[in-house]
Amino acid sequence: MNEIKLFSPATVANVSCGFDVMGFCLDNVGDEMVVRKIDKKGIFISRVEGFNLPKEAELNVAGVSALAMYDALDVDFGFEIEIYKNIKPGSGIGSSAASAVGSVFGMNELIGRPFNKTQLTEFALKGEALASKCEHADNLAPALFGGFTLVKSVAPLQILEIPSPDDLYATIIHPQIEIKTSESRAILPNKVPLSKAITQWANLGSLVHALHTSNYDLIKSALTDVVVEPYRSKLIPLFTEVKQASLNAGALGAGISGSGPSIFALSKGLEQANKIKEAMLGVYANSDIDFDIHISKINTEGVKIIA
Ligand code: HSE
């Protein structure tokens, strides 16, 4: 096998109470990439479609993660990468993570999988850091492992796979404005009052327990963010209205997807997810901001070969 085509999924990071540690994988939104082995040594990005991104490997997220992995190999060949980008950069659904993950996953498949998923995440962290100026793995881990993941620590990297109820759906609205992760991190305070920290870690522990036990009521009460959302929600037009409309339509919870501007809601069942879609649409339809809405089951597979 000298060439593969792969699907690298979009992801929702933070999941309200798990800033920088929690994330889940979406099933029908993502990038496609072709990775092929070539005789020439090095990493070469031969094609980028969808968005205007650099082709120089060292300036491209997929290229930087590929270079990190390439440096760990001792081979007399190289890799060429084609990127067909569907996830808008700065959308809050893990655009950079999908790029960073796709290249290293593809290369690993072509050389007989010498690296495990945690090691691939390590390489992908370098690409993610190029985009967000910080090594966070809460989009990378669900893109690679699928399902819900918890990043127990970044150094050393430790990722936990968290099971989720079969009937859990996400509805995501993506307003077509760009929020750079680096900028939405810069507005966060360095210190968190102890009372808020207590609320947050109680909710995160509860969310993990609720996912393990398929306890929808507990998911509902755990999906609260008292640390980050109060600051970042100001950057997202109609955030409060979308959140309230989603809750009114039966969402278990709603919050900022990653660093925004996308907003996610979780619900039990597809019918409920569709009602939330209508509610979100009702809020944004009268605005002058373009948007799209996705409904997704939790994708338990993650990045995968499609050809
Ligand atoms: N945890 C990161 C943040 C995710 O919220 O800044 C960025 O997508």
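This is a tutorial dialogue on reading features of a predicted model.

Me: What should I know about the numbering and the side-chain values?
Reply: Residues are numbered from 1 along each chain as its sequence is written, and side-chain values use heavy atoms, with hydrogens and water left out. The model is predicted, and local features need pLDDT of at least 70, side-chain atom pairs count only at pLDDT 80 or more, and totals for chains, interfaces and linings use all residues.

Me: How many disulfides does the structure hold?
Reply: A disulfide is a pair of cysteine sulfur atoms within 2.5 Å. The structure holds zero disulfides. The sulfur of C17 has its closest cysteine sulfur in C25, and at 19 Å that is too far for a bond.

Me: Is C17 buried or exposed?
Reply: Buried means under 20% relative accessible area, exposed means over 50%, and partly exposed is in between (1.4 Å probe, protein chains only). C17 has a relative accessible area of 3%, so C17 is buried. C25 is buried as well, with a relative accessible area of 0%.

Me: How far does helix 2 reach from its first C-alpha to its last?
Reply: Helices (H or I, at least four residues) and strands (E, at least two) are DSSP runs, numbered from the N terminus. The expected span of a helix is 1.5 Å times one less than its number of residues. Helix 2 covers residues 95–110, has 16 residues and reaches 23 Å, close to the 22 Å expected. Of its 16 residues, 16 are buried. After helix 2 comes G112, whose phi is positive, near 85°.

Me: Which residues other than glycine have a positive phi?
Reply: Most residues other than glycine have a negative phi, and most peptide bonds are trans. N14 is not a glycine, yet has a positive phi of about 80°. N14 sits in the loop between strand 1 and strand 2 and, at 7% relative accessibility, counts as buried. R113 is another case, with a positive phi of about 55°. R113 is in the loop between helix 2 and helix 3 (117–132) and is exposed, with a relative accessible area of 57%.

Me: Where does P156 lie, and what kind of peptide bond joins A155 and P156?
Reply: The bond between A155 and P156 is cis, with omega about 0°. P156 lies in the loop between strand 5 (148–154) and strand 6 (157–162). The peptide bond from G260 to P261 is also cis, with omega near 5°, and P261 lies in the loop between strand 8 (253–256) and strand 9 (263–268).

Me: How many salt bridges does the structure hold?
Reply: Side chains of opposite charge can pair when their charged atoms come close. A salt bridge is a side-chain nitrogen of Lys or Arg within 4 Å of a carboxyl oxygen of Asp or Glu. The structure holds 12 salt bridges. One of them joins K5 and E32, at 3.5 Å from N to O. K5 lies in strand 1 (residues 3–13) and E32 in strand 2 (residues 22–38), so this pair ties together parts 27 residues apart in sequence. K5 is partly exposed at 31% relative accessibility, and E32 is partly exposed at 27%.

Me: Which residue meets D20 in a salt bridge?
Reply: The partner of D20 is R185, at 2.6 Å from N to O. D20 lies in the loop between strand 1 and strand 2 and R185 in helix 5 (residues 181–186), so the pair ties together parts that are 165 residues apart in sequence. E49 forms a salt bridge with R47, with the closest N and O atoms 2.7 Å apart. Salt bridges that share partners join E3, R36, E80 and E82 into one network.

Me: How many aromatic pairs are there?
Reply: Rings of Phe, Tyr and Trp (its six-membered ring) pair if their centres lie within 6.5 Å; planes under 30 degrees apart count as stacked, over 60 as edge-to-face and the rest as tilted. The count comes to six aromatic pairs. The rings of Y70 and F79 have centres 6.3 Å apart and planes at 90°, so this pair is edge-to-face. The rings of F77 and F79 are edge-to-face too, with centres 5.6 Å apart and planes at 75°. Both F77 and F79 are buried. One aromatic cluster is formed by F24, F148 and F264.
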